[in-house]
Amino acid sequence: SDDHGGDGEHAEVGCAGAVDGGAAVLCRHGETDYNARHLIQGCGIDRDLSDTGRDQAKALGEALREFPLDVVGSSTLRRSMQTASFIAAHHSAANGVEHEGLREMSFGDFEGQSPKDLASDFDAVIAAWRTGAVDRAWPNGESPSTVAQRARRALKDVLASSSRSNGEAVRHVALVTHGRLNKILLSSLLGRGLHTSDGLVQANCCINVLDVSSAFFATSDDVHDDATGITEVFLNYVDHMTSSPL
């Protein structure tokens, strides 16, 4: 896992004006003790944020302080919900959402173990994905295609069914999810293909911003490389996690 913790000056994300229509702000949760020890959590191990993770989440909340958010959401795992609370603290009018479909990928039998210790067993699955075998699942776990389907559906659910407390339509949603899920979902939404997902970097408490148009709602969750209605603003923004923002 990536450690970008720091207590220095905070950067703010000043991209709201660049977004035409709705925006989905996808973030990764802060660090846990398992991240620091390079152990796989997946969706079966539900750890709290570490002290470093809480510092990271605080910096994330500060970075999104001025971003207009209608919804602050998370998965149903503690590391995600706890990180989202640092964003929600600055957005009292935003609705809070917890969605099961945003939970981390299930790594099945590999959860609680280190990729290094699993060695070739872990690498073989990743290698299969890179050749296009995106239906290949972890032993007793999930495949990228399964995760992409549920994550796309969850994003649509949150965007379509949530509204501000004053009844206005949702325009800007921040969702705190998970590293592997973000890699898979972003690869799908941006039309890059799930076979490229392992090459994406998603640091703890990074920020990804996507412009979302109404055309996205007409896409099929079963088509994993359909970028209709989605425009990348930026990915893996981490300037807020450093002591000297760019």
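In this predicted model, contact means that heavy atoms lie within 4.5 Å.

Q: With which residues is tryptophan 138 in contact, leaving aside its neighbours within four places in sequence?
A: Tryptophan 138 belongs to the largest nonpolar core, where Phe122 and Trp138 are the residues with the most contacts inside the core. Once its neighbours within four places in sequence are left aside, the residues in contact with tryptophan 138 are Met105, Ser106, Phe107, Phe110, Phe122, Val125, Ile126 and Trp129.

Q: Which element gives the largest share of the core that has 37 residues?
A: The largest nonpolar core has 37 residues. The elements that give two or more residues to this core are β1 (22-28), α5 (120-130), α6 (144-161), β4 (172-177), α7 and β5. Seven residues, the largest share of this core, come from α6.

Q: How many residues does the other core have, the one with Ala57, Ala63, Leu64 and Ala203 among them?
A: The largest nonpolar core includes Phe122 and Trp138. Apart from that core lies another, with Ala57, Ala63, Leu64 and Ala203 among its members, and its count of residues is 26.

Q: Why is helix α7 described as largely enclosed by the rest of the structure?
A: Helix α7 spans residues 179-189, and its buried residues include Arg180, Asn182 and Lys183 as well as Leu181, Ile184 and Leu185. Helix α7 is largely enclosed by the rest of the structure because the number of its residues that are buried is 11 of the 11.

Q: Is cysteine 205 buried or exposed?
A: Cysteine 205 lies in the loop between α7 and β5 (207-212), and its phi is near 65°, a positive value in a residue other than glycine. Because buried means under 20% relative accessible area, the value of 0% for cysteine 205 makes this residue buried.

Q: What is the relative accessible area of histidine 38?
A: Histidine 38 lies in the loop between α1 and α2 (51-63), where this residue has a positive phi of about 60° although it is not a glycine. Histidine 38 counts as partly exposed, since its relative accessible area is 45%.

Q: Which residue has its backbone nitrogen 3.1 Å from a polar atom of the side chain of asparagine 35?
A: Asparagine 35 is placed in helix α1 (residues 33-36) and counts as buried, at 6% relative accessibility. A polar atom of the asparagine 35 side chain lies 3.1 Å from the backbone nitrogen of threonine 32.

Definitions and conventions
Residues are numbered from 1 along each chain as its sequence is written. This is a predicted model: local features need pLDDT of at least 70, side-chain atom pairs count only at pLDDT 80 or more; totals for chains, interfaces and linings use all residues. Side-chain values use heavy atoms; hydrogens and water are left out. Helices (H or I, at least four residues) and strands (E, at least two) are DSSP runs, numbered from the N terminus. Buried means under 20% relative accessible area, exposed over 50%, partly exposed in between (1.4 Å probe, protein chains only). A polar contact is a pair of N or O atoms within 3.5 Å; within protein, one must be able to donate a hydrogen and the other to accept it, and residues adjacent in sequence count only if both atoms are side-chain atoms. A nonpolar core is a set of buried Ala, Val, Leu, Ile, Met, Phe, Trp, Tyr and Cys residues joined through side-chain atoms within 4.5 Å.
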